[in-house]
Amino acid sequence: MRTIRQPSVFRHRGPALLPLCAALALGCQGMVNVGPSGGGGTSVGAGTGGTGTTGTGGGGTPNGGTGVPGTGGTSGPAAACTGASDARLVVAPQRFLRLTMNETLNTIRYLIDSNEATMLVSSGMIGQGTDDNVEVARQFPPLQQKTIIGAEYTRLDQFAQHVRDYVLANYATLTMALAGCSAVTDACATTYLNRLAARAYRRNLTAVEQTRFTALYNRLKSHVINGYQVTSTVQEATSNAVYALLSSPQMLWRSEIGNAAMASTSPAGIPLTDAELATQVSFFLTDQPPDDMLLMAANGNTLRTNLGTHVTRLLGTQPAKDWLRTIIETYYLINQLPTVVIDSAKFPIFSAGLLADMRIEEQKFLDNALWSGNLTDLLLSRTTFLNTGLASAIYNVPAPTGATATNFAQATLPMDKRAGFLTNAAFITSRGRSDGRGMVVPRGKAIAAAVLCMPPPSPPDTIMGAITAAKAAFDTQTGQQQVASRNAIPLCASCHINFDPYGLVLENYDTLGRWRDTDPDLAGMPVIDASTNLPAALGGERVTNAVDLAQKLAASPAFTNCMARTMLQYALVDLDTAPVELPLLPETAGCASADVASKYNNATSKTFTELVRATTATPAFALRRAVP
């Protein structure tokens, strides 16, 4: 039999690797037997029935896009929650979830190193400039594809090849870092691969998996193809085993099957295993795989009893702070700021540099509000961080001490004009229109959806003509006149009454977030009247401006309930298999999110971190609905 040295680089997965990669598919029998699936996850088995209440369509993106489906059944008021035994405290079914591309990138960073993750991004394979990155993703929560076919497979295969080549070129450094290898031996290579696989699987390997992975390495070292003995070096076999590992379902999917032997009865549900819980909490808080401390606790079966301690630990890390701030930016659609189109002829100060400054200010504002104050500081804080450009051109305040064109220093904004993110230039501009006209509707819809979790429905086709005519009149109407013209059409008024007032109170801000007392686009520059009666959802009270609105929102349980629902929906990922209802409405009990709000309200402090802790403490976070 002739012996042939196997090429060091496979450009395509050939016959030799196909059965080997298939051999890694541990548990594929269970993963193939799946039932109806949603956009982000695959639910095992058959679906379950509805709860008998009308769905609200109350979730989805804050711009009034995709709504969370209701639970089905007959119409009518929802039955009140019945406490700790209420089955509605458990929302998500047993399922499998595909890692997002951003999660996959973060996993590569964890498994290999930051240099390789950076090269994957700079090569254009993954990350920046695509919908892989939540920075430009329009969905909340970031949607996950449920299949790997066509172009999706090609992309994953290409970056797996890239990682394989990187491991081959940096074998000594990588194996020393993870396995302490000081020599190029089979024993050291298999130790490295088994440790790497445990990290990729986010749990300890079983004895069968260790045997299988060692067999994979041995076969890559030497195997027969069409009568020829093909051999590889230790480095080549190791790098190709890594290539196979990155294509395995255990790497690309995360399971939420749980341990049926520990099934809960109050409420009824299957608890996630410690390893699944480690993955759940880590991706929730950091969008990264579990770190060594989480894995150690999961492997020792101590995570469940000490979950709060690990949540607190992770919340103190910079990755968690950066990621959760990114999630809030995504939820409020501030992440869309770089894509905003503004007419520079009408707004000469507009530039890409100005948008970049707004983004920096917004991030610093959110970091301060989320991590240094109460949850309501999102709506009420006047503390921000300005450079000289924003201070003079947007906020019209003296530049704070230490501010320069590139340095942002802490500033306190005027109490009669600014309050929280609603009056933040980045939020206002991200909802802007090129010519700055007709802003009442998009701003009102954004606030109704993002702050109250009540996105308005799309208008019926029967009134599209009236909408077109109304838009044509915007150029000559004040905000109050625009609202009045819609109120004169009963079919329009029945919907717009629920969000127009929120947009009207922001009329004092132009499309770039600058304060204005008069409307310069209208004849005679009429004085702006931003006063209005709030919708019934906020008690119908009279407000005079955006600051007044922010105070009313902060004092309302509607804001807390919406934030509770938002964080739980993000934690459960999938809008289809695990829709989270808004709590305490006549048509939706929202028991799971109501439990989060209750835990938050009963906490000693009223911070954003307490809301996150409450989210991880609710049954919906760690229990899954049993699927036949």
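Biologist: How many helices and strands does the chain have, and what percentage of its residues count as buried?

Modeller: The secondary structure of this predicted chain comes to 28 helices and 14 strands, and 54% of its 628 residues count as buried.

Biologist: Why is Q336 called buried?

Modeller: Buried means under 20% relative accessible area, and Q336 has a relative accessibility of 5%, so Q336 counts as buried. This residue is found in the loop between α14 and α15, and its C-alpha is 9.4 Å from that of F427, although Q336 and F427 are 91 residues apart in sequence.

Biologist: What makes Q477 buried or exposed?

Modeller: The relative accessible area of Q477 is 16%, and the cut-off for buried is under 20%, so Q477 is buried. Q477 lies in the loop between α20 and α21, where, leaving out residues up to four places away in sequence, Q477 touches R437, Q482, S485 and L522.

Biologist: Why are α14 and α15 described as roughly perpendicular?

Modeller: Two packed helices are described by the angle between their axes and the distance between the axes. Helix α14, residues 318-331, and helix α15, residues 352-372, pack at an angle of about 115°, with axes 10 Å apart. Angles of 65 to 115 degrees count as roughly perpendicular, and α14 and α15 are therefore given that description. The crossing of α14 past α15 is right-handed.

Biologist: Which residues make that contact, and how do they divide by class?

Modeller: On the α14 side the contact includes L324, I328 and E329, and on the α15 side it includes R359, L370 and W371. The residues of the contact of α14 with α15 divide into six nonpolar, one polar and six charged.

Biologist: What is noted about the phi of L333 and of V573, and why do both count as buried?

Modeller: Most residues other than glycine have a negative phi. L333 has a positive phi of about 60° although it is not a glycine, and V573, also not a glycine, has a positive phi of about 70°. L333 is placed in the loop between α14 and α15, and V573 in the loop between α25 and α26. The cut-off for buried is under 20%; L333, at 3% relative accessibility, therefore counts as buried, and V573, at 9%, therefore counts as buried too.

Biologist: What makes the peptide bond from S266 to P267 cis?

Modeller: The bond from S266 to P267 has omega near 0° and is cis, whereas most peptide bonds are trans. P267 lies in the loop between β8 and β9.

Methods
Residues numbered from 1 in each chain as written. Predicted model: local features only at pLDDT ≥ 70, side-chain atom pairs only at ≥ 80, totals over all residues. Heavy atoms only, no water. Axes fitted to C-alpha atoms, helices over the stretch in contact; angles between N-to-C directions. Helix = DSSP H or I, 4+ residues; strand = E, 2+ residues; numbered from the N terminus. Parallel < 35°, antiparallel > 145°, perpendicular 65-115°, else oblique. Left-handed = near helix turned anticlockwise from the far one by under 90°. Contact = heavy atoms within 4.5 Å. Nonpolar A, V, L, I, M, F, W, Y, C, P; charged D, E, K, R; others polar. Buried < 20%, exposed > 50% of the residue type's maximum accessible area, 1.4 Å probe, protein only.
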